[in-house]
Amino acid sequence: MKNYQIAVINGDGIGPEVLREGIKILNTVSELDGALSFNFKEYDWGCQYYLKNGCMMPMDGMDRLSQSDAIYLGAVGYPGVPDHISLWDLLLTIRKGFDQYVNLRPIKLLDGAPCPLKDVDASELDMLVVRENSEGEYAGAGDWLYKGKPHEVVLQTGVFSRHGTERIIRYAFEEARKAGKTLTSISKGNALNYSMVFWDQVFAEVGREYPDVKTASYLVDAASMFFVKDPKRFEVVVTSNLFGDILTDLGAALTGGMGLAAGANLNPERKYPSMFEPIHGSAPDIAGQNKSNPMAAIWSVSQMLDFFGHEDWGAQVLGALEDVLREHKYLTPDLGGTAATYEVGDAVAAALRKRVK
Ligand code: NAD
Ligand code: IPM
Ligand code: MN
């Protein structure tokens, strides 16, 4: 019997609603497999915790999380707490503190998912975005000089280390090689004359170690245009932290919306736990109404199963999502349905049972 310890941070807004359904799916996997089980430890950290305690998580929060095999996170951020505090002191602290330098975001049109592009079928929209997740524009380097004075100056420094740039690009080449796919680097060397010129140089250098991987390189503005006009150009994509953030919301819009966009924050060396989350936020506009789509949270469970080495289960969970999408009976309002969050979770669990039995 293999038992996994999962730290659950529900967080804010729709976080708890969507994670409940992901946990339902992990429990279903455990019931169907018999040799796999999951232990969940919930942490009530987030904006409410902050309003009560003055911090987003306790001092020993990272120590406690480090005991787990994986972290499952809902969403962080809510009106009443400044976003740069709630996100920096929880989500970004975990990503950086556990050196989760790979952010894997599949931009893949599931069978049955709606796509706003005309004449595009699922085989033409199947990318894996490898987003750098530890530095770049998110390094937190900068200053705010003469604050509040007429001559105030703010600096937000993009940090691109050789170590950080090489490792993410190398990771992406390995993924592309493994999958027999092309690798596209997305950067902006024409304007960012230090960071992105360096990025492009490292991409070319590392690429020499992978002569079998076909590569392409795009400027981020042109890449955004081709994401929409001709997405089949992209298979595995590697890009910086901020570009990856923006491009994956664009990708989400192409593949069914935020309710269907999943992400894995990986520490590939497994020195620290990795973190799995839907990439959407706390959606204050629909929180507490049981309208949120749990499919992104469930997809991130599929990524967790993959990372644990249970790719067969990861694929079955994704397949169960497709069954529910195709059936078109239990969908939340963002996908044109009227089902409640938990009904979608129930339907995915039922589809999973049906596939396996
Ligand atoms: P958001 O992703 O929360 O919402 C954007 C839009 O998408 C909203 O209309 C929302 O209703 C919809 N949406 C999102 N997830 C959905 C789902 N599962 N089902 C149906 N509809 C869904 O982004 P935002 O409004 O820019 O941010 C809200 C808060 O969340 C902010 O505090 C922001 O900083 C935070 N945020 C957190 C994370 C995270 O924790 N990973 C990610 C993004 C934003
Ligand atoms: C995401 C989010 C975060 C990011 C925010 C909430 C800090 O938008 O995971 O995409 O920018 O990485
Ligand atoms: Mn984002």
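**Reading pockets and strands**

Guide: Let's start with the largest pocket: its lining has 15 nonpolar, three polar and nine charged residues. Keep in mind that this is a predicted model.

Visitor: Which element gives the most to the lining of the largest pocket?

Guide: That's helix H9, with five residues. H9 covers residues 295–307, and it belongs to a group of elements that each supply at least two lining residues. Strand S4 (102–108), strand S5, helix H5 (162–179), strand S11 (262–266) and helix H10 (311–327) are in that group too.

Visitor: What about the second largest pocket: how much volume does it have?

Guide: About 570 Å³. Of its 24 lining residues, Leu87, Leu91, Arg95, Tyr138 and Asp245 are the closest to the centre. Helix H4 provides the largest share of that lining, seven residues. Strand S3 (70–75), strand S6 (136–145) and strand S12 (274–278) also give two or more residues each. By class, you'd count 10 nonpolar, seven polar and seven charged residues.

Visitor: How many cavities of 30 Å³ or more are there?

Guide: The structure holds one. The largest cavity contains about 30 Å³ of space. Its lining is made up of Leu92, Arg95, Lys96, Arg131, Asn133, Tyr138 and Asn241. Two of these residues are nonpolar, two are polar and three are charged. Helix H4 (residues 83–97) turns up again, giving the most to this lining with three residues.

Visitor: Now the strands. In what order do they sit in the open sheet?

Guide: The general idea first: in a regular strand the side chains alternate between the two faces of the sheet. In this structure, the open sheet has 10 strands with mixed pairing, in the order S2-S1-S3-S12-S11-S4-S5-S10-S8-S9. Strand S2 (36–43) and strand S9 (215–219) are the edge strands, as each pairs on one side only. Going from one strand to the next, the twist averages 25°.

Visitor: Do S1 and S2 run parallel or antiparallel?

Guide: Parallel: strand S1 (residues 2–11) is joined to S2 by eight bridges. To spot the pairing yourself, find Val8, which stands opposite Glu42 in S2.

Visitor: Why is S4 largely enclosed by the rest of the structure?

Guide: Because six of the seven residues of S4 are buried. S4 pairs with S5 in the antiparallel sense over seven bridges, and Leu104 has Val130 in S5 as its bridge partner. S4 also pairs with S11, again in the antiparallel sense, over three bridges. There, Val102 has Leu266 as its partner in S11.

Visitor: Which helix lies across S9, and at about what angle does it run to S9?

Guide: Look for helix H7 (residues 220–229), which runs at about 105° to S9. H7 lies across strand S5 (126–132) and strand S8 (183–187) as well.

Note on methods. Residues are numbered from 1 along each chain as its sequence is written. Chains are lettered from A and ligands numbered from 1 in the order in which they are written. This is a predicted model: local features need pLDDT of at least 70, side-chain atom pairs count only at pLDDT 80 or more; totals for chains, interfaces and linings use all residues. Side-chain values use heavy atoms; hydrogens and water are left out. Two strands pair if DSSP finds at least two bridges between them. Helices (H or I, at least four residues) and strands (E, at least two) are DSSP runs, numbered from the N terminus. Axes are lines fitted to C-alpha atoms, for helices over the stretch in contact, and angles run from 0 to 180 degrees between N-to-C directions. Contact means heavy atoms within 4.5 Å. On a 1 Å grid over the protein atoms alone, a cavity is a set of points where a 1.4 Å probe fits but cannot get out, and a pocket is an open set with protein on both sides within 12 Å along at least five of seven lines; lining residues have an atom within 4 Å of a point. Grid points are joined across faces, edges and corners, and a volume is the space filled by probe spheres set on the points. Ala, Val, Leu, Ile, Met, Phe, Trp, Tyr, Cys and Pro count as nonpolar, Asp, Glu, Lys and Arg as charged, and the others, Gly among them, as polar. Buried means under 20% relative accessible area, exposed over 50%, partly exposed in between (1.4 Å probe, protein chains only).
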